[in-house]
Amino acid sequence: MSELNWQYTYNTFEVATRNSAKKMSIIAPDHLSKLEAESSDPDIAAIAAESQSAVNDYALTYAHWIATNGLYKGETNRFTNLLTELSSLKIKQWDAQIQVVHLEGTSDYIALLPSGRGPFQKGAYDVRIAEVAALAERLTAYPALAAMQVQVETYRATLLNARDLQQQKEGLVKQASETLNTIRIELANQLYKNLGALMV
């Protein structure tokens, strides 16, 4: 006969929801509803009343976490759309404007775009933003391209603002995730306590 492996200190609610905030958002309200359905029993009514605030806190924290993730995804999409525009449209336009004044292969063209379009089209996000900043700076030495310099500098500022906002939202997601996990553990402990009380 095999030994019983179940341990009383093993919180099944915490373990089962450790990697799934959504799972806890399903289990907890269902648990509370079932308690409330049996609330004609005063002992169960007391357990339900004690659990209410923990379930509500989790629901609100979970909703905030979902909202924060949505905002982060939106700002990430906004930023990556700008990078797509940089690599597909903006650098082509800038290259064409430069070639109106300095043909490809000339010393001035090479001074302005030493590696061609490539650095604007691929690479790490922040490196590509730095390439735009460097182009804006190089353009200050070419008065015939002053209007373009303003365009590039404006686009650099737009990229930086979008990247900053995206990273701020990323930080908020991390905070919301940590808070949600803390509330999840507290709720799991409450559910486990309820299990013990119901067993008694």
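Biologist: Which residues of α6 are buried?
Modeller: In this predicted model, Arg 128, Ile 129, Val 132, Leu 135, Ala 136 and Leu 139 are the buried ones in α6. Buried means under 20% relative accessible area, exposed over 50%, and partly exposed in between, with a 1.4 Å probe and protein chains only. Helices are DSSP runs of H or I with at least four residues, strands are E runs of at least two, and both are numbered from the N terminus.

Biologist: How wide an arc do they cover around the axis?
Modeller: Only 115 degrees, so those residues sit on the same side of α6. The arc is taken from the directions that run from the helix axis to the C-beta atoms.

Biologist: And what covers them?
Modeller: The cover includes α3, α4 (107-112), α5 (118-121) and α7.

Biologist: What span should α6 have, and what does it have?
Modeller: Helix α6 has 15 residues (125-139) and should span 21 Å at 1.5 Å a residue; its end C-alpha atoms are 22 Å apart, which agrees. The expected span is 1.5 Å times one less than the number of residues.

Biologist: Let's take Leu 139. What does it touch beyond its sequence neighbours?
Modeller: Leaving out neighbours within four places in sequence, Leu 139 is in contact with Leu 112, Leu 145, Met 148, Gln 149 and Val 152. Contact means heavy atoms within 4.5 Å. Leu 139 has a relative accessible area of 1%, so it counts as buried.

Biologist: Before I go on, what are the ground rules here?
Modeller: Residues are numbered from 1 along each chain as its sequence is written, and side-chain values use heavy atoms, with hydrogens and water left out. As the model is predicted, local features need pLDDT of at least 70 and side-chain atom pairs count only at pLDDT 80 or more, while totals for chains, interfaces and linings use all residues.

Biologist: Fine. New topic: how many salt bridges are there?
Modeller: Eight in the whole structure. A salt bridge here is a side-chain nitrogen of Lys or Arg within 4 Å of a carboxyl oxygen of Asp or Glu.

Biologist: Which partners does Glu 14 have?
Modeller: One is Arg 18, with the closest N and O atoms 2.4 Å apart. Another is Arg 184, where the closest N and O atoms are 2.9 Å apart. Glu 14 lies in helix α1 (residues 12-17) and Arg 184 in helix α7 (residues 146-199), so that pair ties together parts 170 residues apart in sequence.

Biologist: What about Lys 34 and Asp 30?
Modeller: Their side chains meet in a salt bridge, 2.8 Å from N to O. Lys 34 and Asp 30 are four residues apart in helix α2 (residues 21-37), so about one helical turn separates them. Lys 34 is exposed at 52%, and Asp 30 is partly exposed at 38%.

Biologist: Now aromatics. How many pairs?
Modeller: Four. Rings of Phe, Tyr and Trp (its six-membered ring) pair if their centres lie within 6.5 Å; planes under 30 degrees apart are stacked, over 60 edge-to-face, and the rest tilted. Tyr 58 and Tyr 62 are stacked, at 6.0 Å centre to centre and 10 degrees between the planes. Both of these tyrosines are buried.

Biologist: And how do Trp 94 and Tyr 155 sit?
Modeller: Edge-to-face, because their planes are at 80 degrees, with the ring centres 5.9 Å apart. Trp 94 lies in helix α3 and Tyr 155 in helix α7, so the pair ties together parts 61 residues apart in sequence. Trp 94 is buried at 2%, and Tyr 155 is buried at 8%.

Biologist: Last one: what's the overall picture?
Modeller: The protein chain has seven helices and zero strands. Its radius of gyration is 29 Å, whereas a compact globule of 200 residues would be near 16 Å. That radius is taken over C-alpha atoms, and the globule rule is 2.2 Å times the number of residues to the power 0.38. The C-alpha trace spans about 85 × 40 × 20 Å along its principal axes, and 34% of the 200 residues count as buried.
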